[in-house]
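Reader: Could you take me through this chain? I would like to begin with its contacts.
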Amino acid sequence: MKLKLYCPKCYAGSPYIQIPAMDYKCKKCSTIIPINVSESIISKNIIDICCSCNCGTFYTERASNRKIGCLVIVSAIVAYIWLSTIVGQWALFALLSAAVVDFTIYSLTTIRTVCYRCLSEYIGAKTNPEHKPFDNNTAARYAEKL
Ligand SMILES: [Zn+2]
Ligand SMILES: [Zn+2]
(Lines give C-alpha, C1' and ligand atoms only; values in the text may rest on other atoms or scores of the structure.)
(Ligands and ions follow the chains in the order given, each with its own letter.)
Protein backbone atom coordinates (compact mmCIF):
# COMPACT_ATOMS: atom_id res chain seq x y z
CA MET A 1 0.00 0.00 0.00
CA LYS A 2 1.03 3.59 -0.46
CA LEU A 3 0.79 6.49 1.92
CA LYS A 4 0.51 10.20 1.38
CA LEU A 5 1.33 12.38 4.38
CA TYR A 6 0.70 15.98 5.22
CA CYS A 7 3.37 17.87 7.07
CA PRO A 8 2.06 18.96 10.52
CA LYS A 9 4.10 22.13 10.30
CA CYS A 10 3.66 23.53 6.79
CA TYR A 11 0.80 21.28 5.55
CA ALA A 12 2.72 20.36 2.42
CA GLY A 13 1.64 17.00 0.99
CA SER A 14 4.14 14.25 0.37
CA PRO A 15 4.18 12.10 -2.76
CA TYR A 16 2.71 8.60 -2.36
CA ILE A 17 5.27 6.61 -0.37
CA GLN A 18 5.42 2.85 -0.58
CA ILE A 19 5.12 1.50 2.97
CA PRO A 20 6.65 0.12 5.13
CA ALA A 21 8.96 3.08 4.81
CA MET A 22 11.51 5.08 6.70
CA ASP A 23 10.54 8.35 8.33
CA TYR A 24 9.60 11.01 5.85
CA LYS A 25 11.36 14.33 5.63
CA CYS A 26 9.18 17.20 4.45
CA LYS A 27 10.50 18.57 1.18
CA LYS A 28 9.45 22.08 2.06
CA CYS A 29 10.41 22.66 5.70
CA SER A 30 12.54 19.55 6.42
CA THR A 31 10.38 18.44 9.35
CA ILE A 32 10.86 14.74 10.03
CA ILE A 33 7.53 12.92 10.08
CA PRO A 34 7.85 9.51 11.73
CA ILE A 35 6.13 6.64 9.95
CA ASN A 36 5.07 3.86 12.31
CA VAL A 37 3.72 0.97 10.33
CA SER A 38 1.41 -1.27 12.34
CA GLU A 39 1.49 -5.05 12.45
CA SER A 40 -1.80 -5.31 10.60
CA ILE A 41 -0.57 -3.16 7.73
CA ILE A 42 2.58 -5.25 7.30
CA SER A 43 1.06 -8.71 7.62
CA LYS A 44 -2.50 -8.23 6.33
CA ASN A 45 -2.35 -5.07 4.23
CA ILE A 46 -5.27 -3.78 6.30
CA ILE A 47 -5.09 -0.33 7.88
CA ASP A 48 -5.96 -0.27 11.57
CA ILE A 49 -3.78 2.47 13.01
CA CYS A 50 -2.53 5.54 11.20
CA CYS A 51 1.20 5.38 10.43
CA SER A 52 1.57 9.05 11.05
CA CYS A 53 -0.54 9.94 14.10
CA ASN A 54 -1.50 6.57 15.67
CA CYS A 55 -5.17 7.40 15.30
CA GLY A 56 -7.54 4.58 14.49
CA THR A 57 -10.43 6.36 12.80
CA PHE A 58 -10.55 6.51 9.05
CA TYR A 59 -12.98 7.17 6.27
CA THR A 60 -12.94 5.77 2.80
CA GLU A 61 -13.65 7.51 -0.43
CA ARG A 62 -13.41 6.62 -4.06
CA ALA A 63 -10.50 8.21 -5.84
CA SER A 64 -12.56 8.24 -8.99
CA ASN A 65 -13.71 10.95 -11.26
CA ARG A 66 -17.47 11.00 -10.84
CA LYS A 67 -17.69 13.33 -13.83
CA ILE A 68 -17.09 10.39 -16.15
CA GLY A 69 -19.95 8.48 -14.55
CA CYS A 70 -22.27 11.46 -14.88
CA LEU A 71 -21.31 11.89 -18.50
CA VAL A 72 -22.21 8.25 -19.19
CA ILE A 73 -25.63 8.65 -17.56
CA VAL A 74 -26.41 11.97 -19.23
CA SER A 75 -25.48 10.69 -22.68
CA ALA A 76 -27.57 7.57 -22.03
CA ILE A 77 -30.62 9.65 -21.21
CA VAL A 78 -30.11 11.71 -24.36
CA ALA A 79 -29.71 8.49 -26.35
CA TYR A 80 -32.83 7.08 -24.68
CA ILE A 81 -34.99 10.05 -25.63
CA TRP A 82 -33.68 9.99 -29.17
CA LEU A 83 -33.95 6.21 -29.59
CA SER A 84 -37.41 5.93 -28.05
CA THR A 85 -38.84 7.95 -30.95
CA ILE A 86 -37.32 5.41 -33.35
CA VAL A 87 -37.36 2.00 -31.66
CA GLY A 88 -39.82 2.61 -28.83
CA GLN A 89 -39.31 0.57 -25.68
CA TRP A 90 -36.10 -1.05 -27.00
CA ALA A 91 -34.41 2.24 -26.13
CA LEU A 92 -34.42 1.03 -22.53
CA PHE A 93 -31.37 -1.02 -23.46
CA ALA A 94 -29.43 2.20 -23.91
CA LEU A 95 -30.24 3.11 -20.32
CA LEU A 96 -29.45 -0.35 -19.00
CA SER A 97 -26.09 -0.59 -20.75
CA ALA A 98 -25.16 2.85 -19.46
CA ALA A 99 -25.94 1.72 -15.93
CA VAL A 100 -23.67 -1.29 -16.46
CA VAL A 101 -20.86 0.91 -17.82
CA ASP A 102 -21.27 3.33 -14.93
CA PHE A 103 -21.21 0.52 -12.40
CA THR A 104 -18.06 -0.94 -13.99
CA ILE A 105 -16.24 2.39 -13.85
CA TYR A 106 -17.40 2.81 -10.28
CA SER A 107 -16.21 -0.61 -9.11
CA LEU A 108 -12.84 -0.35 -10.86
CA THR A 109 -11.80 2.85 -9.19
CA THR A 110 -9.45 2.73 -6.27
CA ILE A 111 -10.58 3.20 -2.72
CA ARG A 112 -8.68 5.75 -0.75
CA THR A 113 -8.56 5.51 3.03
CA VAL A 114 -8.09 8.82 4.82
CA CYS A 115 -7.17 9.42 8.45
CA TYR A 116 -9.63 11.77 10.21
CA ARG A 117 -6.96 13.28 12.37
CA CYS A 118 -3.95 13.97 10.16
CA LEU A 119 -5.61 13.46 6.76
CA SER A 120 -2.99 10.96 5.61
CA GLU A 121 -4.20 9.10 2.55
CA TYR A 122 -3.70 5.42 1.92
CA ILE A 123 -4.15 3.63 -1.36
CA GLY A 124 -3.71 -0.01 -2.30
CA ALA A 125 -4.84 -1.40 1.04
CA LYS A 126 -7.40 -4.16 1.55
CA THR A 127 -10.76 -2.79 2.56
CA ASN A 128 -11.32 -2.65 6.27
CA PRO A 129 -15.07 -3.11 6.88
CA GLU A 130 -14.82 -0.81 9.89
CA HIS A 131 -13.97 2.14 7.69
CA LYS A 132 -17.06 4.01 6.55
CA PRO A 133 -17.57 6.89 4.13
CA PHE A 134 -16.83 10.39 5.37
CA ASP A 135 -18.91 11.44 8.36
CA ASN A 136 -19.23 15.06 9.40
CA ASN A 137 -19.75 14.36 13.09
CA THR A 138 -16.63 12.25 13.37
CA ALA A 139 -14.65 14.86 11.46
CA ALA A 140 -15.87 17.58 13.80
CA ARG A 141 -14.77 15.53 16.79
CA TYR A 142 -11.23 15.34 15.43
CA ALA A 143 -11.17 18.96 14.37
CA GLU A 144 -11.82 19.97 17.98
CA LYS A 145 -8.88 17.95 19.22
CA LEU A 146 -6.40 19.65 16.93
ZN1 LIG B 1 6.73 20.79 6.10
ZN1 LIG C 1 -3.36 9.98 11.03
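Author: Of the contacts in the chain with a separation of 6 or more, 54% are accounted for by residues 24 or more positions apart. Two residues are in contact if their C-beta atoms, placed from the backbone, lie within 7 Å.

Reader: What sort of model is it, and how are things numbered?
Author: This is a predicted model, in which local features need pLDDT of at least 70, side-chain atom pairs count only at pLDDT 80 or more, and totals for chains, interfaces and linings use all residues. Residues are numbered from 1 along each chain as its sequence is written, while chains are lettered from A and ligands numbered from 1 in the order in which they are written.

Reader: How many helices and strands are there?
Author: The chain has four helices and eight strands; these are DSSP runs numbered from the N terminus, helices being H or I of at least four residues and strands E of at least two. Their order along the sequence is β-β-β-β-α-β-α-α-β-β-β-α.

Reader: Where does Ile41 sit?
Author: Ile41 belongs to helix H1, which covers residues 39-44.

Reader: Is that residue buried or exposed, and why?
Author: Ile41 counts as buried because it has 22 C-beta neighbours inside 10 Å. The cut-offs are 20 or more other C-beta atoms within 10 Å for buried, 12 or fewer for exposed, and partly exposed in between, with C-beta atoms placed from the backbone.

Reader: What does Ile41 touch?
Author: Leaving out residues up to four places away in sequence, Ile41 touches Met1, Ile19, Ile46 and Ile47. Met1 is 40 residues from Ile41 in sequence, with 8.4 Å between their C-alpha atoms.
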